[in-house]
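Subject: Structure handover

Hello,

Here is the structure I said I would pass on. My notes on it follow below.

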Amino acid sequence: FTRYPSSVERELNSFKMVHNGAIDLRHQHAYTIDGEDTECLDDALYFEKNKDGTYTLYVHITYIPSLIPYLSKMNRESIKRVETYYLADGAYSLYPNYISNYLASLLPNNIRYTETGIWLVEPDMTIVEDSFQLIKSTIKPHHRLTYDSADEIMAERNQDLLSQSLTDLGVFALKQRARNKTKETYRQAENSHSTNPH
C-alpha cells in the first residue's frame, strides 16, 4: 500500500477537474481550517450573514468523481484500498500525494469542483428544519487557516468578511455544542479514554 502500480502513476498527468453543471460559488471568501501540518485540504467553509438576519452555512467537500474517471486504473486501485489509513509509522493514502495534496486539495486561489452542503440558520443560531441542500459547485478558496490563526483572527474582532464569518461560525458552533450535550459528553469520554487507555 505504500506504492502505486506504475500504470496508475502514468495516468495521473491525464487527470483534470470537470466543472460541467456546477453552481458557481467562486465569489465566496471560503476558507479551510486545519492543523499546521495538514497537507490534504478536503473541506472548506463559509458562514454568510443574510440581509434578513438569518445565516447560510456552506460546507464544501472535494468532489473526487470530477477528477478521477470511474473506469480509470486509479479508481480501481482506490477501491482496493478502501480508505486512508493513519498508523503509528505514517499514513497510507487512498490516493497518491499528487492528488490528495495538490489536484484535489482546496488550496487558496485554485478553482475546485466540490459537493456543497447548505443549511439555513436562524438569527438565534438554530438550523432551519428541512433547509438542507446538496449541490455540485465550483469554488475558489480564499484563505488557508490553522486552528491557531482562526482563533487569532476572531480575537482581533475586525470588520472584514473573513473575521465576521469566522466569528459568526464560532458562535454557531458553540450553540450547537451546547444544544447537543449527549454528543459532547460522549466526545469528552472518548478523549479521556484515548489519553488514559488504562
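A contact means heavy atoms within 4.5 Å. Among contacts in the protein between residues at least 6 apart in sequence, 68% join residues at least 24 apart.

This is a predicted model, in which local features need pLDDT of at least 70, side-chain atom pairs count only at pLDDT 80 or more, and totals for chains, interfaces and linings use all residues. Residues are numbered from 1 along each chain as its sequence is written, and side-chain values use heavy atoms, with hydrogens and water left out.

The protein has 6 helices and 9 strands (DSSP runs, H or I of at least four residues for helices and E of at least two for strands, numbered from the N terminus). Of its 198 residues, 37% are buried; buried means under 20% relative accessible area, exposed over 50%, and partly exposed in between (1.4 Å probe, protein chains only).

There are 2 salt bridges, each defined as a side-chain nitrogen of Lys or Arg within 4 Å of a carboxyl oxygen of Asp or Glu. In one, Asp24 pairs with Arg26, with the closest N and O atoms 2.6 Å apart. Asp24 is partly exposed at 40% relative accessibility, and Arg26 is partly exposed at 36%. Lys136 and Glu115 also form a salt bridge, at 3.3 Å from N to O. Lys136 is in strand β8 (residues 133-139) and Glu115 in strand β7 (residues 112-121), so this pair ties together parts 21 residues apart in sequence.

Glu36 sits in the loop between β2 (31-34) and β3 (43-49) and is exposed, with a relative accessible area of 63%.

Regards
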